Amino acid sequence: MADYVFGANILENLTTGMYKNSQIIFREYIQNSCDAIDKAVALGILSANEENIDIWIDTDKRFISVEDNGTGITAEDFEITLQSIAQSNKQLDTEKGFRGIGRLCGLAYCRELIFSTTAKNENVVSTMRINAEKLRSRFYGDKKYTAQEVLDDVITVEKKISDEVVADHWFKVEMIDINDENEVLLDVATIRDYLSFVAPVEYRNTFFLSQKIYEHADSLNFKIDEYRINLNGDQLVKKYKTDFKTSLGEDEIFDLSFKNFYDEDGKLIAWSWIGISKFKGVIKQDSKTSNNKMRSIRLRKGNIQIGDADALQKLFSEERGIHYFIGEVFAVDKNLIPNSQRDYFIENSALKIFENALADYFEELHKVYYGASDLNSAVKNIKSLETAEEKFKNQVFVSKKHQAAEEEKLTVARDKAESYVRKVERRHQEALDNPNDILSQVTKRIIEKRDVLKILKLPQVFLLQVLPKNLPILFLNSTEKNANWFTIFLTLSGKT
């Protein structure tokens with residue numbers, strides 16, 4: 001039987017055709033670095049607090065490098081390791097990368113891609129250079145090449161021997177002369193924002209609620225993988241914060257809610273946290289600042305983001321639903337396997353169980369933001385009555401007809417406020433009866449934060465409920481200075 005021939009286009013599929021977002025190259029190289037660091041720690045050649053991944057972006061020189069202090073690769077294994085495509089010795093259930101193709105991703109975005117490394121107790125620095133520009137030209141020319149012919153033509157290997165055996169161990173990727181059309185890769189601020197939610201790093205220390213996340217993870221015996229990753233010398237952190245902007249104004253996270261997901265055998269398959277706010281509106285995506293880049297419930301495996309911020313959007317009953325929330329879902333089940341592009345999981349029975357569990361939970365969250373929206377609207381209408389009454393009290397009428405029209409508007413406002421008052425009171429009682437429910441926590445926060453309980457105790461609200469609507473406006477705006485008049489009227493009318 002004749003040998004199979006793989007054309008050069010298979011290399012295009014694994015490089016230029018593999019990823020829809022060029023920034024993903026950082027995720028791929030970080031993923032490989034994390035695995036090398038984990039292995040180094042397991043072998044005892046690196047302490048857990050000594051790990052380091054350094055990313056350098058030189059905009060002027062159009063240069064990018066990613067270097068880690070993991071195991072490195074021995075001189076003996078260097079060529080066979082890097083020249084093996086889609087073949088990896090990594091373990092599926094313990095390591096973040098396992099397909100053996102991620103290292104090729106940089107070939108689509110630069111003129112030359114360089115890998116260099118050394119292993120502990122060796123005196124050799126091994127280097128592989130790949131002419132990425134030449135490789136890409138082979139994809140689109142008239143002449144057809146095999147994958148082997150192209151690789152032989154564009155790859156050079158060098159091993160530099162030193163007189164001294166060194167204790168260093170590292171691996172470095174360098175991308176030389178980034179393509180003009182991939183300018184975003186050189187935008188340090190953009191890459192920092194991207195990696196602040198994609199990379200496996202710790203929460204920033206000003207996000208004080210993060211301690212609850214670590215405590216919940218500990219209660220599940222789950223380790224959140226975190227690494228020290230620096231971009232141009234500054235350490236990356238997850239840029240979560242408590243305040244953010246919505247379509248209806250400022251909001252804030254005041255607490256967290258956790259949810260664990262199990263299969264039918266009671267085995268943990270995933271867990272999540274969401275920020276509890278007043279859910280005033282959809283969280284706005286502001287491309288000019290990083291303030292709201294944290295929106296959505298993000299999907300993570302090995303603490304590396306799967307897909308984009310909206311990977312789980314399809315599990316909400318309405319698309320906008322996920323944009324009311326800030327949070328993360330940590331996949332635990334080893335059978336939840338990222339696909340080759342790492343934008344979701346491969347389809348299997350574990351994924352079906354996972355999606356069904358999340359869809360049920362997201363239906364609960366759907367009720368939360370709808371209930372919060374309804375309550376926020378009620379409170380807004382109650383407070384608007386205060387404004388309307390104050391305006392009426394100080395208004396100068398140009399005629400009796402004008403006054404009658406304004407009185408009619410105020411009567412309508414009072415009628416609306418009555419129904420909203422009853423709704424708020426009912427919701428407040430429900431919150432007191434079910435204090436641990438998410439919506440109950442939101443309800444109490446909305447009522448207490450906006451002083452709705454005080455509004456409910458104002459004389460005008462009492463009058464709305466028990467007295468005729470044609471009372472003089474004096475009593476509908478009873479304040480401390482006319483409290484005596486108010487008391488006298490109640491006594492004379494028999495309403496005490």
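**Salt bridges and strands**

Analyst: A search of the whole structure, which is a predicted model, finds 20 salt bridges.

User: Which residue forms a salt bridge with Asp 193, and where does that residue lie?
Analyst: Asp 193 sits in helix α6 (residues 188-198). Its partner lies 46 residues apart from it, in the loop between β8 (234-235) and β9. The closest N and O atoms are 2.8 Å apart. The partner is Lys 239.

User: Is Asp 193 buried or exposed?
Analyst: The relative accessibility of Asp 193 is 15%. Buried means under 20%. Therefore Asp 193 counts as buried.

User: How many residues apart are Glu 328 and Lys 238?
Analyst: Glu 328 forms a salt bridge with Lys 238. Glu 328 belongs to strand β15 (residues 326-331), while Lys 238 is in the loop between β8 and β9. The pair links distant parts of the chain, 90 residues apart.

User: Which residues make up the uncovered face of strand β9?
Analyst: In a regular strand the side chains alternate between the two faces of the sheet. Strand β9 (residues 243-246) has Phe 244 and Thr 246 on its covered face. The uncovered face holds Asp 243 and Lys 245.

User: Which residue in β10 stands opposite Asp 243?
Analyst: β9 and strand β10 (residues 249-252) run antiparallel, joined by four bridges. They form a hairpin with two residues between them. Opposite Asp 243 stands Glu 252.

Terms used
Residues numbered from 1 in each chain as written. Predicted model: local features only at pLDDT ≥ 70, side-chain atom pairs only at ≥ 80, totals over all residues. Heavy atoms only, no water. Buried < 20%, exposed > 50% of the residue type's maximum accessible area, 1.4 Å probe, protein only. Pairing = 2+ DSSP bridges. Salt bridge = Lys/Arg side-chain N within 4 Å of Asp/Glu carboxyl O.
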